[in-house]
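Here is a friendly briefing to read alongside the structure. Keep the view open and look up each residue as we come to it.

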Amino acid sequence: MSVSSLISIAWKPFKAIFKGWNRFWFTPADPTNLGFMRISCGLVVLFIHFAYTWDLQEFFGKNAWVDLTSINEYRLEQPWQVLPWGWEPIPEQPPAANAEEEHYMLNWYGFNPRMAYAKGYPAWSVWFEVTDPRWMMVVHCSFLVVFFLFTIGFCTRVTSILAWLAAISYIQRAPTSIFGMDTMMNILLIYLMIGPSGAALSVDRLISRWWEVRAARRNHQPIPPFSRPAPRVSANVVLRLLQVHFCIIYMASGLSKLLGGVWWNGTAIWGTMAVFEYCPMQIGSYQSLLKFLCSHRWLWELAMNAGVAFTLFTEIGLPSLIWNRKMRWPMITMAVFLHSGIAMVMGLRTFSLLMLTMLIAFVPQETVDGMRSRLSDWMNLILPHGEMKEQKESNGLARPLGARGQLKVSS
Amino acid sequence: MIDDNRDAGVETTQPTGIWPTFVNHLSARTGLSQCWLQFIMLLLGSLTAYLASEGLHRVSWDSAALLFRVGMVLSAIGAVILLLPSVGRRIVVSLVILFHLGGILTAVTSVNPSPWLSTQLWTTVYRPYLYFLWLNNAYHFYSPQPGPANLMFFCIEYKSDPDGTKNFRWVLVPDLDGEGRPVNPDGSPVFSGTEYTRRLSLAEYTGSSGIVPWNLYQLLDQRLRAAQVDGILPFDPRKVPYDKQYREPDARSKRWIQAYVRHVAATYKHQGKGKENLPVKSVKFYRVLHQILEPDQLNAGVDPDNRSLLYWPFFYGKFDKDGNFTEDCVKIWIDSAGRFQSELRDPYLYWLIPYDDLARHGQGGDLEKADSNALRVEENDADKEVKP
């Protein structure tokens, strides 16, 4: 056997991996999902930040819950320690050698700055810089305008970046006031900023359509059809990143639950249903339902065990099963039920809405095309000249799809 | 940047969006290819970001300067990637994807119990990246088990009246009104559930897990001795073991608590007429765990908001208005050998205070000689109680 044939045999599995990697990440995809996610995420983001209007000073002002001095110390001075690279134990804190070290140790509960691998962390927030209440309100209102423009998809390439920069400003300034909702919002905004989220269902698209029509009219050419958004590699990369990130979130959430005894004895769901501060315990009918369950032990145990099994199966099963075409819709449906339950019982409505928005990344292309087709049929009924119908026929809105639900492209 | 589909053979389409249309027009007018135009623009962008970063540094807007430095680097890298052939771009993007997902995995796995490799990678490689993007969440929701909600109770003591009357105000965050609607300490409604959850989140950060101290029995001894004098007894250890009644927060939580105390001392005035400007003497802080009602308790008719039974306030210290521990609570100093020393002087520090004794503990004894907003519960004439 020659060397070249040996190399080709050894190379074969790697070639398959590279091919698969290339197909998974770099096949152009329709950006419509991203457009829909932008609208959905944008609306929630707008609401979340609008709600801040009454709490601007409370959370971001000079004398906020975490005051400016504290957050500046935290982000610039906080010590980070690295574990030993060998088997030696973590060394003890050495005594302070000068007044500067003494001051630092008093401030950080005995941590000697010489022991710090690094101090602080890189963070951006406009609220570190703008602290005058009137200017804060001006900046805050400008951010609300940015979120609105991002939602409608106006200058999306710019407004998506500004929207993330705005949202991260609030997060970095008040890190102790954030919860899961902010984490999901941040993830969505990052990916929507990277991907072409304004390429579909946006004002940008309407503007470029208007330019197209105007140019055609000016040149006395026939008006081109309103084509579907062009498939893009960047759209696919971002959709894939969202899908993988979503799976990591679910897997981490599901597997970490297995450390807890109450997830094994099947009673954990009670701990999410009966928390006075989160659950609607003040609503009489909800409390009556809980009392009814508690008065029938068998029923209570059944309900709790079923809830735990459902949660664990959805969170641990989804990351692997959702990639199977037959299991995709059942898993999406289960995730929808899970988050609807979280919204209703635990009161985390905006968090659930953002998780459901992330789930849109898994909606297959056939479904998006079907929806678009139905939408264009509906538009036909409204538009007097039947323009949409004509376009549907001319540009093949319902064109056949590839095996993976994506447009076929020649390679 | 990776949408150049020339190699993939995708049919070319009209650009969508304002920016691509603008580049298209500019390219037609200048005769330069779109690729070179974007390259020039990115380089110009990088230069502008550098100048902005330098300018912002001079006015001490360090975080804005950092942002522009990041923008400068990204623009420069983007410009170089633009000039690469399609395969080169895909290789670069693939490496970025691997780095990014590697970071997410270290964030997920660097929470205890965590692998050594993950912790080292997180600390030495990914920490700045994940912090800047705020992607360092481990997503361990409700694990290992769903826990009770955390609440914050502040007992602010103001300067006493000339006749010896002590002035107090209790601030409860978050708080609900009689109908279960979230309210601010002044009684005004909280705008939305999201803002209410943010307040719960503030409280959550006061309780990052501490460890049981090596000298727990010594601390218990002090606690029990103090109880004999004040009558504020701990819970029956057969029901709640002593080690569960002591929770010292970690250093990071202590710093958050100090910040919260500063905010409360600066924000909340005494509510008495003519007492709005009384200076703050001290603030006592309690982290209150609202225990989840057990199913058998609900079945037995226990109210889910039964404070005496379900509220577990842990005393986390007495502070001055600047958020420093008062000398009679904790003394912190650097000794002559340069070592950090701390002495817990208050025997109740970090111990659970039964809710029924909370007002007495917060206001320090004689409740009748105090002007406070603590709720006076008079179930019968013989048994008067004062509760926050």
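Helices (H or I, at least four residues) and strands (E, at least two) are DSSP runs, numbered from the N terminus, and two strands pair if DSSP finds at least two bridges between them.

Please keep in mind that this is a predicted model: local features need pLDDT of at least 70, side-chain atom pairs count only at pLDDT 80 or more, and totals for chains, interfaces and linings use all residues. Residues are numbered from 1 along each chain as its sequence is written, while chains are lettered from A and ligands numbered from 1 in the order in which they are written.

**Strands of chain B**

- The hairpin of β7(B) and β8(B) has five residues between the strands, and there B:Gly338 takes a positive phi near 85°.
- Elsewhere in chain B, five strands form an open sheet with mixed pairing, in the order β6-β5-β1-β2-β9.
- Which strands sit at the edges of this sheet? They are β6 (311–319) and β9 (370–371) of chain B, each of which pairs on one side only.
- Strand β2 (residues 166–173) of chain B pairs with β9(B) in the parallel sense, over two bridges.
- Within this pairing, B:Asn167 has B:Asp371 in β9(B) as its bridge partner.

**Loops of chain B**

- A cis peptide bond, with omega about -5°, joins B:Asn112 and B:Pro113. B:Pro113 lies in the loop between α4 (86–109) and α5 (116–133) of chain B.
- Another cis peptide bond joins B:Ser143 and B:Pro144, with omega about 0°. B:Pro144 is placed in the loop between α5 and β1 (149–158) of chain B.
- B:Tyr139 is also found in the loop between α5 and β1 of chain B, and its phi is near 60°, a positive value in a residue other than glycine.
- Is B:Tyr139 buried or exposed? It counts as buried, because it has 23 C-beta neighbours inside 10 Å. The cut-offs are these: a residue is buried if 20 or more other C-beta atoms lie within 10 Å of its own, exposed if 12 or fewer, and partly exposed in between, with C-beta atoms placed from the backbone.
- B:Ser60 is not a glycine but has a positive phi of about 65°. B:Ser60 lies in the loop between α2 (34–58) and α3 (62–83) of chain B, and it is exposed, because 9 other C-beta atoms are within 10 Å.

**Chain A**

- The secondary structure of chain A comes to 18 helices and two strands.
- Of its 411 residues, 40% count as buried.
- A:Leu258 sits in the loop between α10 and α11 (261–264) of chain A, and it is exposed, because 12 other C-beta atoms are within 10 Å.
- A:Leu258 and A:Leu312 are 54 residues apart in sequence, and their C-alpha atoms are 8.6 Å apart in space.

**Where the chains meet**

- The contact takes 102 residues from chain A and 87 residues from chain B; two residues are in contact if their C-beta atoms, placed from the backbone, lie within 7 Å.
- On the side of chain A that touches chain B, the largest share, 12 residues, comes from helix α10 (residues 233–257) of chain A.

**Confidence**

- For the complex, the predictor gives an ipTM of 0.90 and a pTM of 0.90.
- Chain B has a mean pLDDT of 87, and 91% of its residues reach 70 or more; pLDDT is the predictor's confidence in each residue, from 0 to 100.
- Over residues 378–384 of chain B, pLDDT stays under 50, and the model has one contact beyond four places in sequence for them.
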